[in-house]
Amino acid sequence: MPPVTKPGLEKYDVVFIGGGSGGVAGSRRAASYGAKVALIEATERLGGTCVNVGCVPKKIMWHAADIAEKIRHAEGYQFKGPGIGQPQFDWASFKPQRDAYIHRLNGIYDNNVAKEGVELHHGKARVLSPSSVQVTRPDGSTYTLNTDRVVVATGGRPTVPSDNEIPGASLGIDSDGFFDLAAQPKRVAVVGAGYIAVELAGVLHTLGSDVTMLIRGETVLRTFDPTLGEALTKWMKHTGIEFRHGSKVAKVEGTKGGELTVHLASGETLTVDTLIWAIGRHANTEDLGLAELGVKLDEKGNVVVDEYQETGVPGVLALGDVAGKALLTPVAIAAARRLSNRLYGPEKFKNDKLSYEDIPTVVFSHPTIGTVGLTEPEARKKYGDDQIKIYKSSFRALYFSMVPEERKEPSVYKLIVAGPEERVVGIHILGLGSDEVMQGFGVAVKMGATKEDLDGTVAIHPTSAEELVTLR
């Protein structure tokens, strides 16, 4: 069902701003309880970053890269024939195929929102008061929605330096732009060391591009457990990804979409076809009218909220990436559903809220990473060195037994326990299948599992996951 062109009601129970994961989940849940709900989305596509330029197309690209690796490994398993060992990926044909799938998802989101009775509005929102939101349609016309509550779920976007900060910075692209690439770039420089930089670099390199990582420190993923960053950096270098440590881009020369010369502060230069900025993200809070209402924003522009997603201004709430905490799609969805449960659900949900502790997450690197709970430095700081014990195992998955030595990916599993009862406070794993392994162990950590609980679980053999219940 297409968006409406004017308000269908004189007043709504709640207006959600932003049709991404949080806004869609929250609006649908509220409407399922009978609330009168409006949802405002500035673009023509629901789903936000995750569906359109994030999790979903990224994972599809990761699958493509993973298949390329499997084709290389097939020789070790004595597969013969044309193409074995030498994958040939047709990026130009794959992109429209991937985009078509995303377009189908957009349609599913539209249908789901309509099915729940959520009224969808297409335009830019501005909060005039805690009880009124102005919608500016693409043609410039405006109208106002009256409401009891406003939920801001506008998400975030990639951060890119301005040309004033770094001359020529705009010649590069961000993670959104990665999904616009119609052809595979041969030479790529990726600026950044976070999970987005790692994932994009890994996909490009595995599919055959020459990739250089420009990072400030010695390892990638510096906010993760150090064991993971160290192991992954070492393997990325082993596979042929070039690293320039201590790098700072001074200027970029060339033409947009053409050959670029990247000048580093050290005086070094490198020539690439594509420069990708993956240096972080920031909240979409500009022009929403929040500050004028007294809604507090932090120094990065994130909306400051309490444990119930309340901003301190009665009737105005915020959730998801725009609130600047745990920038993950499932977090936005979970927070939104719990908020709608509390506001419009049955009595049992009157205090419902999302706990931001022990949130499991993965990195779709090559190999993948799974993590939940505290890092080792965090655990030692919280509990003290004498209360922390580390269990660790490094190995290679059975899959690689038939693969040449230089292609045998590492696996590193790390368990962090605290106190005499050895409660598990952190699990950090790298290696084949870690993305799928982590979900179940995330449940265990959330339930307060101890090392004894893991030891008492019979191993599934032969798997990599069994290492976590056999560590000594």
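Contact means heavy atoms within 4.5 Å. The model is predicted: local features need pLDDT of at least 70, side-chain atom pairs count only at pLDDT 80 or more, and totals for chains, interfaces and linings use all residues. Residues are numbered from 1 along each chain as its sequence is written, and side-chain values use heavy atoms, leaving out hydrogens and water.

**View 1. Helices α3 and α4 in contact.** Helices (H or I, at least four residues) and strands (E, at least two) are DSSP runs, numbered from the N terminus. Val-56, Pro-57, Ile-60, Met-61 and Ala-64 of α3 meet residues of α4 including Trp-91, Phe-94 and Arg-98.

**View 2. The largest nonpolar core.** Such a core is a set of buried (under 20% relative accessible area, 1.4 Å probe, protein chains only) Ala, Val, Leu, Ile, Met, Phe, Trp, Tyr and Cys residues joined through side-chain atoms within 4.5 Å.

**View 3. Surroundings of Met-236.** Neighbours within four places in sequence are left aside. Met-236 is then in contact with Val-198, Ala-201, Met-213, Val-220, Ile-241 and Phe-243.

**View 4. An open sheet of four strands.** The order is β10-β9-β8-β14, with parallel pairing; two strands pair if DSSP finds at least two bridges between them. Strands β10 (242-244) and β14 (274-277) are the edges, each pairing on one side only. Four bridges join β8 to β14, and Val-191 has Trp-277 in β14 as its bridge partner.

Definitions and conventions: Buried means under 20% relative accessible area, exposed over 50%, partly exposed in between (1.4 Å probe, protein chains only).
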